Each structure stands twice: as C-alpha cells, then as structure tokens.
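Please read this briefing alongside the sequence and the 3D view that follow.

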Amino acid sequence: MGNENAVKKETGIASQDKKPEGLTNKDLNTLWLRWAFTHLSSMSYEKLQGHAFAWSYIPFANKYYKNDPEGKRRLLVRHSVFYNTEPQTGAIVNGIVASLEENIALKGEVSEEMPNNIKTALMGPLAGIGDSIIQGIIVPTLLSIGMSLAAGGSPLGPLFYIVTWGIIGPLISFICFRTGYRMGVGAVDMVVGEAARRITDAFNVLGIMVIGALSAGNIVLKTTLNIPMGGEWQPLQTTLDSVFPGILPLAAVLVTWWMLNKKQYTPTKVIVILCVVVTVFCLLGVF
C-alpha cells in the first residue's frame with residue numbers, strides 16, 4: 001500500500017484524484033477586481049464587455065482546469081461572447097455566474113449553457129436599473145455638488161467627485177457581486193420579476209426629478225432683450241420670470257434632449273452646436 005501511494009504521488013495521480021475545493025474569498029475578490037476595474041478597458045462592437053468578462057476568469061480557469069485544456073478553452077470561449085450591461089449594478093451577474101461556474105467546475109448539475117443564458121437574460125434589465133440609479137441619480141448628484149464647490153475656482157470640486165465616486169462606484173459593484181454569488185440563480189427572480197420592474201420605473205421617475213432639479217439649479221441662461229410695455233421698455237427676462245421662471249434653461253435642456261435622443265447626435269456634436277449658438281446669440285445681444 002505504501003509503495004502504491006508513493007507511485008501515485010510521483011506520477012501525479014494523487015493530485016488528480018483530489019477533489020477541487022470551492023471558491024475562496026481570495027478567488028472571489030480576484031474575479032471581482034478583474035471585472036470592476038477593467039470592464040471598459042478593452043471593447044469592440046462585436047463583444048463590448050465580453051473581453052473583460054473572459055479576462056476575469058483566467059485565474060478561475062488556471063485553478064479548476066489546469067490539467068484540462070479543453071475545459072479551459074470552453075470556459076473562456078463561452079465568456080468571450082457579446083456582453084453589455086451597467087458595470088456597477090451589473091456585477092450581480094458576475095456573482096451569479098461565478099456560483100454557476102463553480103458548480104460546473106465541481107461537477108455539479110449546472111450545464112455549461114446556463115451561465116450564458118443567465119447573462120443574456122439579465123444584462124438588459126440590470127442595464128435599465130443601473131443606468132437609472134448610477135447615471136440618473138448618483139453621478140448627476142455628485143457632479144452637481146462638485147460643480148458647486150468648483151464654482152469659485154476651488155480644486156475641491158473635481159477632488160470631491162473623484163474621491164466620492166472612487167468609493168461609491170466600487171462599493172456598489174462589490175456588494176452586487178457578493179449578493180449575486182450568495183443568491184446564485186435565485187437572484188434571477190429578484191432582477192427580472194414584477195418587483196424589479198416597479199423598482200426600475202420608480203428609479204426612472206426619481207432620476208427624471210433629479211435631472212430636472214439639477215438643470216434648474218445649474219443651468220444659467222438669461223436674455224438681455226427689452227420689450228415695450230406701457231409706453232416704456234422693460235427687460236424681457238423679468239416678464240419671463242413672472243410667467244414661467246426658468247423657461248430658458250428648460251428650453252435649453254429640451255433642445256439638448258431632442259438633439260441627443262431624436263436626432264441621434266453625438267455628445268461632442270451637441271456641445272459644439274450649443275457653444276456656437278450661444279456665442280452667436282451673445283454677440284447679437286440676445287443673451
């Protein structure tokens with residue numbers, strides 16, 4: 001018996017018979033870190049965030065498929081397909097997939113098609129939820145505070161945004177990743193169910209309210225024109241403020257939205273158009 005064990009040890013059979021362990025905290029942190037800080041580092045129209053998703057699984061592949069080149073190839077191929085969602089809240093998908101891939105590597109009952117099915121089913125709903133929360137509420141709020149701090153030329157404005165988003169963004173991503181891993185496939189109902197749709201609608205409404213409040217508080221657009229009233233000339237801006245306060249900033253927001261959403265102009269093109277229009281009207285004495 002002793003000689004047999006020695007032969008197994010020398011030939012590597014003992015290591016092959018050893019059942020692989022599950023994902024450790026270090027493994028999970030590696031999966032999350034690789035995704036959290038590289039999700040937009042390498043993109044193409046064909047795969048978008050698929051490059052980063054596959055790259056995050058290289059340590060996983062080296063751990064579970066070190067002696068199985070074909071299994072490693074299938075793992076990296078199935079995570080190299082097209083993938084696109086909001087990166088922070090979308091980390092919940094990475095957590096779910098990590099639990100599924102762990103089950104596959106440990107010879108569980110999960111099929112190799114399940115991870116991509118989950119990614120396909122969840123990336124759209126999570127993009128809607130994430131964009132409403134991140135792009136519609138958190139980022140505009142932090143930017144508005146930063147712009148207020150920087151209004152007098154203080155460097156605290158950009159520093160505030162860099163530091164706060166540098167903390168909040170990864171924190172949301174980490175919590176979502178761990179939640180997804182902990183809940184596994186059970187998180188699907190939470191993301192695509194009726195409750196999730198109601199949450200998305202609520203965040204959309206809240207996001208619109210936040211954008212409206214920020215626009216009213218941060219966009220300054222006034223006219224210098226005068227109009228005849230009662231035999232004398234009165235500032236047009238005074239009349240507008242008495243009828244509809246903030247109507248010019250609102251008009252600027254609606255025109256910008258029209259160019260971005262309806263005309264499909266790029267943000268750079270919109271900025272150039274706005275700069276040219278405002279410059280011309282200022283030279284004409286309108287603004």
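A charge sits over a ring if NZ of Lys or CZ of Arg is within 6 Å of the ring centre and within 35 degrees of the ring normal. By that definition, K119 lies over the face of Y83, at 5.4 Å from the ring centre. This is a predicted model, in which local features need pLDDT of at least 70 and side-chain atom pairs count only at pLDDT 80 or more, while totals for chains, interfaces and linings use all residues. Residues are numbered from 1 along each chain as its sequence is written, and side-chain values use heavy atoms, with hydrogens and water left out.

**Rings and charges**

- The charged end of K119 also sits over the ring of F53, 4.0 Å from its centre.
- The structure holds nine aromatic pairs, where rings of Phe, Tyr and Trp (its six-membered ring) pair if their centres lie within 6.5 Å, and planes under 30 degrees apart count as stacked, over 60 as edge-to-face and the rest as tilted.
- Y57 and F60 form one of these pairs, which is edge-to-face with 5.4 Å centre to centre and 65 degrees between the planes.
- Both Y57 and F60 are buried, a term that means under 20% relative accessible area, whereas exposed means over 50% and partly exposed in between (1.4 Å probe, protein chains only).
- The F281 and F287 rings, with centres 5.4 Å apart, have their planes at 35 degrees, so this pair is tilted.
- F281 is partly exposed, with a relative accessible area of 34%, and F287 also counts as partly exposed, at 25% relative accessibility.
- Ring pairs link W35, F53, Y57, F60, Y64 and Y83 into a cluster.

**Helix α13**

- Helices (H or I, at least four residues) and strands (E, at least two) are DSSP runs, numbered from the N terminus.
- Within α13, the residues L248, P249 and M259 are buried.
- These three cover an arc of only 105 degrees around the axis, which puts them on the same side of α13, the arc being that of the directions from the helix axis to the C-beta atoms.
- Just after α13, Q264 takes a positive phi of about 60 degrees.

- Strand β1 (residues 226-229) pairs with strand β2 (residues 232-235) in the antiparallel sense over four bridges; two strands pair if DSSP finds at least two bridges between them.
- I227 stands opposite Q234 in β2.
- β1 and β2 form a hairpin with two residues between them, and G230 in the turn has a positive phi of about 60 degrees.
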